[in-house]
Amino acid sequence: RKRIRRSFKNLLADIGAFQVRHALIPDQPIFDNETFEWTAGLEANHAIIREELDRILEYRDQLPKLHEIQRDQYRISADNTWKAFVIYGWGIGTSEGARLCPETARAVNEIPGLQSAFFSILEPGAHIPEHRGHVRGLLRGQLALKVPQHREDCTLWVEGTPLHWDEGRMFVFDDTYLHEVRNDTAEERVVLILHFDRPMDWLG
């Protein structure tokens, strides 16, 4: 099994390197939002997305933990401090997402190459250990929706660079670079996580 997993990771790495060579954007860990025209529209809709999130959070105790949705996330989500509500899952819109969050579903469907969109709820004291993704054909966006008052104590590190969320603002980064999250506050942090296709030429 270990040999199979290692071979699969090596294959993904080779495919990813090929895709990056055919990308229409630089190979770097963090991107300016202006690189992606759709980010401004999503930020402009953050208030209505936050309203829909607040309705979801009324049922926060019933929401699944991330590793209950994606079993391969168990290593970094083995406790009860990281929960999720899925709007769009790997190419498929969810019926509950469309019913409970129609404006959010509409907004994310405008994103070119969207693969997934979900509310990521990180509870007080939560820590997502340092890790990296394996698929270089995707990039990750995060729209901040609920940020602790002491935002300086709630941090995303990407390749050692600390980033602090501002409500209504986005980050875009390549999650195949090392990244880690700590919420060292007494409040929850919620972002809308997006995975979307890296802009590439037709061969990529």
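Alanine 47 belongs to helix H3, which covers residues 46-57; helices here are DSSP runs of H or I with at least four residues, strands are DSSP runs of E with at least two, and both are numbered from the N terminus. The model is a predicted one, in which local features need pLDDT of at least 70 and side-chain atom pairs count only at pLDDT 80 or more, while totals for chains, interfaces and linings use all residues. Residues are numbered from 1 along each chain as its sequence is written, and side-chain values use heavy atoms, with hydrogens and water left out.

With a relative accessibility of 43%, alanine 47 counts as partly exposed, a class that lies between buried (under 20% relative accessible area) and exposed (over 50%), using a 1.4 Å probe and protein chains only. From alanine 47 to glutamine 62 the separation is 15 residues in sequence and 24 Å in space, C-alpha to C-alpha.

Aspartate 175 sits in the loop between strand S9 (170-173) and strand S10 (179-183), and is buried at a relative accessible area of 10%. Once its neighbours within four places in sequence are set aside, aspartate 175 is in contact (heavy atoms within 4.5 Å) with Arg132, Gly133, Arg140 and His195.

Four of the five residues of strand S10 are buried, so S10 is largely enclosed by the rest of the structure. Strand S5 (residues 127-131) runs antiparallel to S10 and is joined to it by three bridges, where pairing requires that DSSP find at least two bridges between two strands; histidine 131 stands opposite histidine 179 of S10. Strand S7 (residues 154-158) is likewise antiparallel to S10, with five bridges, and cysteine 154 has asparagine 183 in S10 as its bridge partner.
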